[in-house]
Amino acid sequence: TPSDGGTKRPGLRALKKMGLTEDEDVRAMLRGSRLRKIRSRTWQKERLYRLQEDGLTVWFQRRIPRAPSQHIFFVQHIEAVREGHQSEGLRRFGGAFAPARCLTIAFKGRRKNLDLAAPTAEEAQRWVRGLAKLRARLDAMSQRERLDHWIHTYLHRADSNQDSKMSFKEIKSLLRMVNVDMNDMYAYLLFKECDHSKNERLEGAEIEEFLRRLLKRPELEDIFHQYSGEDRVLSAPELLEFLEDQGEEGATLARAQQLIQIYELNETAKQHELMTLDGFMMYLLSPEGAALDPSHTCVFQDMNQPLAHYFISSSHNTYLTDSQIGGLSSTEAYVRAFAQGCRCVELDCWEGPGGEPIIYHGHTLTSKILFRDVIQAVRDHAFTLSPYPVILSLENHCGLEQQAAMAHHLRTILGDMLVTQALDSPNPEALPSPEQLKGRVLVKGKKLPAARSEDGRALSDREEEEEEEDEEEEEEAEAAAQRRLAKQISPELSALAVYCQATRLRTLYPAPGAPQPCQVSSLSERKAKKLIREAGNSFVRHNTRQLTRVYPLGLRMNSANYSPQEMWNSGCQLVALNFQTPGYEMDLNAGRFLVNGQCGYVLKPACLRQPDSTFDPEYPGPPRTTLSIQVLTAQQLPKLNAEKPHSIVDPLVRVEIHGVPADCTRQETDYVLNNGFNPRWGQTLQFQLRAPELALVRFVVEDYDATSPNDFVGQFTLPLSSLKQGYRHIHLLSKDGASLSPATLFVHIRIQCS
């Protein structure tokens, strides 16, 4: 699209394929709307927003024209579309606009919300409904359809004069757009072979043939022909043989027949229970042909064990949207964390004006938000993705009066969601299960000693939590008075710490006396590492009965993260990360919680659940498993610099193992020069694993650079226990976790247990 919005209208083939060309809402979006973008009380500007003909992107006007890629957003990167004043921005700054005219587009990753007001309620509804239809259709598209959609989008862009005919120059432009630097002679040869009309232009069926040849997958054809024999079609018994060689559980003739009915495109072949090469490709590109076990994408684990038996997705400084020093605090950061499956969020509570507690990163320039607004965000968004319990980790710097105000807000806003008393015994031998606590909110905070619980002004006789002590080292002396204030615990807030009573870790369980499953310790990453090194097995046993929260060092002022794997190895459940900071650490977190329905709870391996476990992550024993990964090919890797037509990636693939220290390793392929479209490697990487049940496998694609660090292209991380064997596609994700569809890796995986 030209930067002024342009008037040229490429064909609507892409939308036709989505079956949405006649939809009134989508047609209105194609015409475009002047929507008011709302950023603050004073920054409220009218901008043109228009759906592009590809049905995948929305173009928007900017005051200062930027590069074309800076004028669009992708429909597949949308996390949610909210109607009315359902964002912090619109609640604060949208009062002049009726809720019926307003909508918020929330994105995956770090992109800020788009708060918009339409001229009329009907126009707002058109965008809400239209985006919902486009997102639903996109979700329902098969990988093959996405590929077709993707290539035709580029085809329209490359057709510079929009005459639906492609000259060789335009074909070369198309090749560069899709990240392939094809030899001119080979490209021209392919062009001439498809130019049946001999007029130096490809059109209609000739373009289709060129694309079909371009999208050929010789490696898939070779596999197909190994099983299909001379007739070049797979019968159900031949497909069954392939499934058995893949190591598919439940591979039966009936299952092979079922797959033919689902994935075969040719009706005649389907009637004769045969699968063609196209059907075979459809199957291998589907979720059933992916590296992630499809049966692990829903809740499949036992959810009736004590909370201490699960890894629980946890966030640190949840209120921050950016760095700790001068970043923005926002209730939207909580909404975003819940959308990523987070189940334990942090509230850093300080004395606020007018008797209202506030949340921010104390003694820094971060902005402040009201405690009660955060609790409302918890009520409204905590259970949209997962029904399992949410833990509010309170870091309390308030005096008694504002602590009582906090308790009041928790009770009145959350109502029955809030756990205010034990489900059965007040002194349980084990914590309740996620299943028992479905839809409930737990408060993690300090508890008054039983003998003093009547005296609201008594000082706690316990030392402060380590997190506060750690941060005290960094803070100025002026904070001391407020700290002394916060060492008092109000009985109202103390009463809400039922199953998560914040306690200083003095001795590891099993300590003398009865177990204390309701006590939770918070440790800095440094102290947790020290415990793992010095008391590995004792720490593992402690974590079978009690919850442990680990958080980044306070010195990490730029919201950097640490590797969560080391903490998971010893059974720590609440390994808190800065969700606002992308990087390999958050990739590991996303990979760990990718399974079990992305519900934020993953059952720990048996060796981390048994009270008498002998497991020590520092001494895991001899290798038990061999993992072999043959990296075959990649498809349609994204261009890193969309503005430079001649920049093509030189991809390499790295496979990393993250597990116990003895298992942590990485290996990589050679790089392929100038081909992000269909690079081939055929290299095998092999790994010996001592604790496979804890291992995560991370596939990374990088753009090789001889003179500077390689550039990140895409990645995918998953638990080894959810990795399927055989020929598999890996669907790559961007740095902030968004899909890079149709970009894939094609690999062969073999797991051998000794």
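Tutor: Let's start with a pair of helices: α5 passes α6 in a right-handed crossing. Keep in mind that this is a predicted model.

Student: At roughly what angle do the axes of α5 and α6 cross?

Tutor: Two packed helices are described by the angle between their axes and the distance between the axes. Here α5 covers residues 143-158 and α6 covers residues 168-177, and their axes come within 9 Å. The pair counts as oblique, and the crossing angle is roughly 135 degrees.

Student: Which residues of α6 meet α5?

Tutor: From α5, the contact takes in Y154, L155, R157 and A158. By class, the residues of this contact are five nonpolar, one polar and two charged. On the α6 side, the partners are E170, S173, L174 and M177.

Student: Let me step back a bit. How many helices and strands does the chain have?

Tutor: The chain has 754 residues, and 56% of them count as buried. Among its contacts with a separation of 6 or more, 68% are between residues 24 or more positions apart. As for secondary structure, the count is 23 helices and 31 strands.

Student: Why is helix α13 described as largely enclosed?

Tutor: Helix α13 spans residues 277-285. Buried means under 20% relative accessible area, and the residues of α13 in that class are G279, F280, M281, M282, Y283, L284 and L285. The helix is largely enclosed by the rest of the structure because the buried ones number seven of the nine.

Student: And α10 with α13, are they roughly parallel or roughly antiparallel?

Tutor: The axis of α10 (residues 236-246) comes within 13 Å of the α13 axis, and the two cross at roughly 25 degrees. α10 passes α13 in a right-handed crossing. Angles under 35 degrees count as roughly parallel, so α10 and α13 are roughly parallel.

Student: Which residues of α13 make the contact with α10?

Tutor: α10 brings F242, L243 and Q246 to the contact. The classes come out as five nonpolar, one polar and no charged residues. From α13, the residues are F280, Y283 and L284.

Student: How many residues of strand β29 are buried?

Tutor: β29 runs over residues 711-719 and is joined to strand β28 (residues 696-703) by eight bridges, the two running antiparallel. In that pairing, V697 stands opposite L718 of β29. Strand β29 is mostly covered, with its buried residues numbering seven of nine.

Student: Where is the cis peptide bond that involves P742?

Tutor: Most residues other than glycine have a negative phi, and most peptide bonds are trans. P742 lies in strand β31 (residues 739-753). The cis bond, with omega near 10 degrees, runs from S741 to P742.

Student: What is phi of K198?

Tutor: Look in the loop between α7 (184-194) and β9 (202-203), where K198 sits. K198 counts as exposed because its relative accessibility is 63%. Its phi is positive, although K198 is a residue other than glycine, and the value is near 55 degrees.

Student: Is Q598 exposed, partly exposed or buried?

Tutor: Q598 lies in the loop between α23 (584-592) and β23 (601-603). Phi of Q598 is positive too, near 50 degrees. With 41% relative accessibility, Q598 counts as partly exposed.

Student: Last one: how far apart in space are H397 and D348?

Tutor: H397 lies in the loop between β17 (390-396) and α16 (400-414). At 2% relative accessibility, H397 counts as buried. H397 and D348 are 49 residues apart in sequence, and C-alpha to C-alpha the distance in space is 7.7 Å.

How values were computed
Residues are numbered from 1 along each chain as its sequence is written. This is a predicted model: local features need pLDDT of at least 70, side-chain atom pairs count only at pLDDT 80 or more; totals for chains, interfaces and linings use all residues. Side-chain values use heavy atoms; hydrogens and water are left out. Helices (H or I, at least four residues) and strands (E, at least two) are DSSP runs, numbered from the N terminus. Buried means under 20% relative accessible area, exposed over 50%, partly exposed in between (1.4 Å probe, protein chains only). Axes are lines fitted to C-alpha atoms, for helices over the stretch in contact, and angles run from 0 to 180 degrees between N-to-C directions. Angles under 35 degrees count as roughly parallel, over 145 as roughly antiparallel, 65 to 115 as roughly perpendicular and the rest as oblique. A crossing is left-handed if the near helix is turned anticlockwise from the far one by less than a right angle, and right-handed if clockwise. Contact means heavy atoms within 4.5 Å. Ala, Val, Leu, Ile, Met, Phe, Trp, Tyr, Cys and Pro count as nonpolar, Asp, Glu, Lys and Arg as charged, and the others, Gly among them, as polar. Two strands pair if DSSP finds at least two bridges between them.
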